[in-house]
Amino acid sequence: MKPFFFTRIQYTSGDWDTDQRMPSNLMHSLVEYTTLPVDQKEKVVQLGSPDLFKSPFCYLSGHKLVEFSAKERDNFKRYVQNGGFVFVDDCNHDVDGLFAKSFEQEMGRTFGPKALQKIPNDHPIYTCFFKFTDGPPTTSFELNGWGDDLVHDYLKAILINGRIGVLYSNKDYGCEWDYDFRNKRFLAEDNTRFGVNIVTYALTA
């Protein structure tokens with residue numbers, strides 16, 4: 001079995017290089033909790049590159065504008081339709097910010113205006129490894145962030161033949177998990193556990 005590797009998508013608009021400690025933190029959790037072989041070095045792949053199709057799991061995030069070039073849009077669509085998985089996280093943890101608005105518009109252009117839909121909180125992604133019976137776990141940024149007290153009680157997704165191809169979060173998991181993994185011992189409960197579910201679902205669904 002080839003080792004799992006974490007791929008971050010570099011896109012031409014906006015700021016793609018966020019949450020720089022998050023990948024190593026998540027990969028440490030995969031080593032700690034699962035038997036999955038893991039390549040612990042993050043890969044960065046340009047969205048317009050054919051190298052995208054070598055990655056079973058990709059991460060895309062930012063705070064600013066998301067507007068794909070024609071080549072990027074074509075690659076993103078073909079990657080997802082061919083069985084790829086993209087976890088997209090809004091670093092602004094809001095629903096009206098530039099990233100959220102522009103990403104949702106981009107998904108409408110790419111897959112159709114109604115492709116991005118809320119997923120139910122009993123979706124298998126919440127129970128495929130750890131059990132999250134109430135749906136997506138809340139982040140501290142939602143509770144204590146920019147004073148908005150905006151808690152999102154669902155995630156959105158684009159389904160391809162019944163399987164999630166794009167998982168979209170306004171909850172800012174990237175920032176929530178953006179710390180040195182050695183600091184987990186100070187947490188009452190490891191907050192990266194939902195990331196283990198996301199990767200497990202991406203590789204097995």
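Here is a quick tour of the sheet, the helices and a few single residues.

This is a predicted model, where local features need pLDDT of at least 70, side-chain atom pairs count only at pLDDT 80 or more, and totals for chains, interfaces and linings use all residues. Residues are numbered from 1 along each chain as its sequence is written, and side-chain values use heavy atoms, with hydrogens and water left out. Helices (H or I, at least four residues) and strands (E, at least two) are DSSP runs, numbered from the N terminus.

**The sheet as a whole**

- Seven strands build an open sheet with mixed pairing, and their order is S2-S1-S3-S4-S7-S6-S5.
- Two strands count as paired if DSSP finds at least two bridges between them.
- At the edges sit S2 and strand S5 (116-118), each of which pairs on one side only.
- Going from one strand to the next, the twist averages 30°.

**Strand S1 and its partners**

- S1 covers residues 4-10, and six of its seven residues are buried (buried means under 20% relative accessible area, exposed over 50%, and partly exposed in between, with a 1.4 Å probe and protein chains only).
- S1 runs parallel to strand S2 (residues 38-46), and six bridges join them.
- Look for Ile 9 in this pairing: its bridge partner in S2 is Val 45.
- Together with helix H1 (residues 22-33), S1 and S2 make a right-handed β-α-β unit.
- A crossover is called right-handed if, with the strands pointing away from the viewer, the path from the first strand over the helix to the second runs clockwise.
- S1 also runs parallel to strand S3 (residues 58-62), with two bridges joining them.
- In that pairing, Arg 8 stands opposite Tyr 59 of S3.

- How many of the residues of S4 are buried? Five of its five residues are.
- Val 86, Val 88 and Asp 90 point one way from S4, while Phe 87 and Asp 89 point the other way.
- S3 and S4 run parallel and are joined by five bridges, and Ser 61 has Asp 89 in S4 as its bridge partner.
- To get from S3 to S4, the chain passes through helix H2 (residues 70-81) in a right-handed β-α-β crossover.
- S4 pairs with S7 too, in the parallel sense over four bridges, and here Phe 87 has Leu 167 in S7 as its bridge partner.

**Strands S6 and S7**

- Strand S6 (residues 156-160) and strand S7 (residues 163-169) pair in the antiparallel sense, over five bridges.
- Leu 159 stands opposite Ile 164 in S7.

- H2 and helix H3 (residues 98-111) pack at an angle of about 75°, and their axes are 10 Å apart.
- Axes are lines fitted to C-alpha atoms, for helices over the stretch in contact, and angles run from 0 to 180 degrees between N-to-C directions.
- H2 and H3 are therefore roughly perpendicular to each other (angles of 65 to 115 degrees count as roughly perpendicular, under 35 as roughly parallel, over 145 as roughly antiparallel and the rest as oblique).
- On the H2 side, the contact includes Arg 73 and Phe 76, and on the H3 side Glu 106 and Met 107 (contact means heavy atoms within 4.5 Å).

**Helix H6 and Ile 198**

- Helix H6 (residues 193-204) lies across S1, strand S4 (86-90) and S7, running at about 155° to S7.
- Ile 198 is found in this helix, H6, and counts as buried because its relative accessibility is 1%.
- Leaving aside neighbours within four places in sequence, Ile 198 is in contact with Phe 57, Phe 85, Phe 87, Ile 125, Leu 167 and Trp 177.

**Two residues with a positive phi**

- Most residues other than glycine have a negative phi.
- Asn 161, in the loop between S6 and S7, has a positive phi near 55°.
- Asp 172, in the loop between S7 and helix H5 (173-176), has a positive phi of about 65°.
- Is Asn 161 buried or exposed? Asn 161 counts as exposed because its relative accessibility is 79%, whereas Asp 172 counts as buried at 1%.
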